[in-house]
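Hi everyone, thanks for coming. Let me put the structure up, and then we can walk through it together.

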Amino acid sequence: MAEAFGIVVGAVGVAAAFTACVDCFDYVQFGRQFGRDYQTDLLALNCSRLRLARWGQAVDILNDPKMGMPDATPEQVQTVKDTLYQILVLFANSAKTSQQYTTGEDVSVLSSDSMDSTFLALNNKMRELAIKRQKRSNILKITHWALYRKSEFKNLIEGISTFIDNIEKIFPAPQAQVTLVRQEATELHDRGDLELVQSAAEGVDGLLQNAAKEALSGHRYLNVLIKGKVQAGDAVSSDWHGKAVGASHVYDGVIVENNGKALIGNKYGGKDLWDD
């Protein structure tokens with residue numbers, strides 16, 4: 001039977017296949033041939049992992065074998081499991097290609113010591129966001145391997161993106177995914193981080209790219225009529241402490257009637273609008 005990293009087709013459930021896929025990202029390294037592109041390519045790979053993990057949480061894949069669709073057919077579930085397995089095959093093929101490079105070539109790899117502190121911290125945050133959405137496992141029989149050519153990286157990340165597209169179509173959860181991706185953008189905090197993620201997510205994670213763009217550009221409030229108490233935009237509890245993205249907001253045509261009260265924009269602490 002077909003096997004990738006010691007996992008035999010049909011031998012694991014859909015949740016275990018999902019967890020194994022998310023785990024695989026941790027084992028990819030980059031050869032020195034990538035140079036400075038290493039930082040942005042690793043970030044793009046982490047965007048891909050975060051997208052997969054987000055979908056998994058949105059459909060509750062770890063707890064619900066029908067992934068939020070009570071009428072899901074066995075064939076649909078099997079298709080998702082097979083697709084996740086194909087992601088594992090992509091990683092396995094990448095690892096086999098890595099082994100073909102001989103000691104006569106430069107097979108040294110880049111490490112976190114080669115990264116700017118900004119990229120290092122951001123990649124660590126992206127990793128944390130992804131792995132907290134999975135159960136840690138030890139079903140993979142795997143060691144680290146390196147990508148040595150840009151074409152290898154391109155084939156890997158494009159293949160993963162295509163497979164994620166497919167499973168999102170079979171078991172869609174757009175509202176939950178949007179909620180989660182906005183939380184991710186909020187947790188990234190820093191404007192510079194959001195700009196890096198917006199760039200890295202292009203062609204890899206459209207939801208994350210849009211969420212970063214939205215967080216950077218702020219809210220737009222056009223032709224709003226307020227008659228009572230309204231909170232439009234973000235709100236943070238009064239015990240908030242930490243960073244906030246300083247995006248600008250656009251207000252045009254906002255009318256507050258007598259006895260009306262509104263918080264339009266971001267709130268980061270202090271007295272709550274509803275306390276009066």
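Let's begin with C24: its sulfur lies 6.5 Å from the closest cysteine sulfur, the one in C21, and that is too far for a bond. A disulfide here means a pair of cysteine sulfur atoms within 2.5 Å, and the structure holds zero of them. Are these two cysteines buried or exposed? C21 is buried at 0% relative accessibility, and C24 is buried with a relative accessible area of 0%. Buried means under 20% relative accessible area, exposed over 50%, and partly exposed in between, using a 1.4 Å probe and protein chains only.

A quick word on the source: this is a predicted model, where local features need pLDDT of at least 70, side-chain atom pairs count only at pLDDT 80 or more, and totals for chains, interfaces and linings use all residues. Residues are numbered from 1 along each chain as its sequence is written, and side-chain values use heavy atoms, with hydrogens and water left out.

C21 also turns up beside L52: leaving aside neighbours within four places in sequence, L52 is in contact (heavy atoms within 4.5 Å) with F18, C21, V22, F25, L84, I164 and I167.

That brings us to the largest nonpolar core, which has 68 residues, and L52 and L84 have the most contacts inside it. Such a core is a set of buried Ala, Val, Leu, Ile, Met, Phe, Trp, Tyr and Cys residues joined through side-chain atoms within 4.5 Å. Helix 2 (residues 37-58) gives this core its largest share, 11 residues. Helices are DSSP runs of H or I with at least four residues, numbered from the N terminus.

Definitions and conventions. Helix = DSSP H or I, 4+ residues; strand = E, 2+ residues; numbered from the N terminus.
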